[in-house]
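Student: I have a chain to look at and would like to go through it by question and answer. Please show it first.

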Amino acid sequence: CTSAETPSAGASSNGESGKKPHTVTTLDGSTIEVPADLTSVGAIFGPSYERIVAVGAEDAITCDGDFHISGWPWSNVIYKRVNEVPGVPNAHSDLNVEDLVQQGVQLVFCFPTPGQADAINNAGMVAVPYTATGKFRDIADSLALYANVFDTDEAHARSDAYTAYFDKTVELVKERTKGVSDADRPSVYLA
């Protein structure tokens, strides 16, 4: 969370009286208007379920991509609601936006596929498509985006704690590997 996007310590949480819509900035610089009382979220994009859990907002998930339910057996143990919320079929390739409307979804973390965000927005929901800069730093920055969407003290605290851990770990790795020559450095694929 950047200082410009982090609420003051006394900021109200979503669902509290007086909360107003707010604007978030994605990793590519796009801005998105988030509803005031965010209570129903679709976790359609691949790692969106995990990120929502990481910022402490799993209770807001009212549907997810069907692959969240059966794709990774460990998730059925770790996530308290993944087996309860409806899984939207073909969310990654052929999303039926009507499925989301029927669930009463307000905001959808979605894939950056052509037309998907437009279809979600045109149906009266708010689309937050995945964006990235291609930098390793996107890992921490994307979690900060999720915290900014939910805009609760808990979400910001969790994101800030993760970012501090991320930065500390990156510095530790840089320090420990600074003497390794380019010829001795293995290539690594980050997916």
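**Contacts, strands and helices**

Tutor: Leaving aside neighbours within four places in sequence, T62 is in contact (heavy atoms within 4.5 Å) with T39, S40, V41, V85, P86, Q103 and V105. This is a predicted model, in which local features need pLDDT of at least 70 and side-chain atom pairs count only at pLDDT 80 or more, while totals for chains, interfaces and linings use all residues. Residues are numbered from 1 along each chain as its sequence is written, and side-chain values use heavy atoms, with hydrogens and water left out.

Student: In which strand is T62 found?

Tutor: Helices (H or I, at least four residues) and strands (E, at least two) are DSSP runs, numbered from the N terminus. By that numbering, the strand that holds T62 is β4.

Student: With which side chain does the side chain of T62 make a polar contact?

Tutor: A polar contact is a pair of N or O atoms within 3.5 Å; within protein, one must be able to donate a hydrogen and the other to accept it, and residues adjacent in sequence count only if both atoms are side-chain atoms. For the side chain of T62 the distance is 2.7 Å, and the partner is the side chain of S40.

Student: Is S40 buried or exposed?

Tutor: S40 is found in the loop between β2 and β3. Apart from neighbours within four places in sequence, S40 is in contact with A60, T62, Q103, G104, V105, Q106 and L107. Buried means under 20% relative accessible area, exposed over 50%, and partly exposed in between (1.4 Å probe, protein chains only). S40 has a relative accessibility of 6%, so S40 counts as buried.

Student: What is the order of the strands in the open sheet?

Tutor: Two strands pair if DSSP finds at least two bridges between them. The open sheet has five strands with parallel pairing, in the order β5-β4-β3-β6-β7.

Student: Which strands stand at the edges?

Tutor: An edge strand here has a single partner strand, so one side of it is left without a neighbour in the sheet. The strands in that position are β5 (87–88) and β7 (126–129).

Student: Which helix packs on the sheet, touching β3, β6 and β7?

Tutor: The direction of this helix makes about 170 degrees with that of β6. Axes are lines fitted to C-alpha atoms, for helices over the stretch in contact, and angles run from 0 to 180 degrees between N-to-C directions. The helix spans residues 138–150 and is α6.

Student: Over how many bridges do β6 and β7 pair?

Tutor: Strand β6 covers residues 107–110 and pairs with β7 in the parallel sense. Within this pair, V108 stands opposite A127 in β7. The number of bridges is four.

Student: Which residues of β2 point to one face and are buried?

Tutor: Strand β2 covers residues 31–34, and its side chains alternate.

Student: What is the bridge partner of H22 in β2?

Tutor: Strand β1 (residues 22–25) pairs with β2 in the antiparallel sense over four bridges. The hairpin of β1 and β2 has five residues between the strands, and G29 there takes a positive phi near 95 degrees. The bridge partner of H22 is V34.

Student: How far does α7 reach from its first C-alpha to its last?

Tutor: Helix α7 covers residues 153–177, which makes 25 residues. The expected span of a helix is 1.5 Å times one less than its number of residues. For α7 the expected value is 36 Å, and the reach is close to it, at 36 Å.

Student: Which residues of α7 are buried?

Tutor: An α-helix has 3.6 residues a turn, so residues three or four places apart point the same way. What covers the buried residues of α7 includes α6. These buried residues are A155, H156, S159, T163 and F166.

Student: Is D151 buried or exposed?

Tutor: D151 lies in the loop between α6 and α7. Its phi is near 55 degrees, a positive value in a residue other than glycine. With a relative accessible area of 10%, D151 is buried.
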